[in-house]
Amino acid sequence: MFAQMGPTANLFLSASRLVPIGLSRAQLGYVLGIGADLTRLLNSSLFGEIRYAGDFRSFYDHPNAKLWNRVWMFSLGTTL
């Protein structure tokens with residue numbers, strides 16, 4: 001088992017159909033996750049993890065909409 005926690009820095013490059021007013025290009029955020037080495041359980045070199053990444057503030061703030069960057073990630077991997 002392992003855990004992951006750390007900061008993120010993101011740069012918003014472009015968007016369609018959003019008014020540029022209220023758009024924040026640079027975002028600071030965080031990543032939290034847990035994972036497990038499944039080698040012994042499955043008798044192969046495999047690991048899995050789940051991570052959540054989010055920003056500390058919205059990247060778009062307008063009277064009609066407030067948008068956040070929040071992502072769930074599921075990963076399976078192996079060693080080479």
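Before you start, note that the model is predicted: local features need pLDDT of at least 70, side-chain atom pairs count only at pLDDT 80 or more, and totals for chains, interfaces and linings use all residues. Numbering runs from 1 along each chain as its sequence is written, and side-chain values use heavy atoms, with hydrogens and water left out.

**The whole chain**

Show the protein as a cartoon and follow the chain from the N terminus: the elements run β-β-α-β-β-β-β. That comes to one helix and six strands, where helices (H or I, at least four residues) and strands (E, at least two) are DSSP runs numbered from the N terminus. The protein is more spread out than a compact globule, because its radius of gyration is 17 Å, well over the 12 Å that the globule rule gives for 80 residues. This radius is taken over C-alpha atoms, and the rule is 2.2 Å times the number of residues to the power 0.38.

Now think about burial: 22% of the 80 residues are buried. Here buried means under 20% relative accessible area, exposed over 50%, and partly exposed in between (1.4 Å probe, protein chains only).

**First stop: Glu49**

Select Glu49, which sits in strand E3 (residues 46-55). Is Glu49 buried or exposed? With a relative accessible area of 17%, Glu49 is buried. Leaving aside residues up to four places away in sequence, Glu49 touches Phe2, Ile34, Gly35, Met73, Phe74 and Ser75; contact means heavy atoms within 4.5 Å. Next, show the side chain of Arg51, which a polar contact of 3.3 Å joins to the side chain of Glu49. Such a contact is a pair of N or O atoms within 3.5 Å; within protein, one must be able to donate a hydrogen and the other to accept it, and residues adjacent in sequence count only if both atoms are side-chain atoms.

**Second stop: Leu28**

Move to strand E2 (residues 26-37) and pick Leu28. Leu28 counts as exposed, at 56% relative accessibility. Which residues does Leu28 touch, not counting those up to four places away in sequence? They are Thr8, Ala9, Asp55 and Phe56. Asp55 is 27 residues from Leu28 along the chain, yet their C-alpha atoms are separated by 5.8 Å.

**Last stop: Leu67**

Finally, select Leu67 in strand E5 (residues 65-67). Leu67 is partly exposed, with a relative accessible area of 31%.
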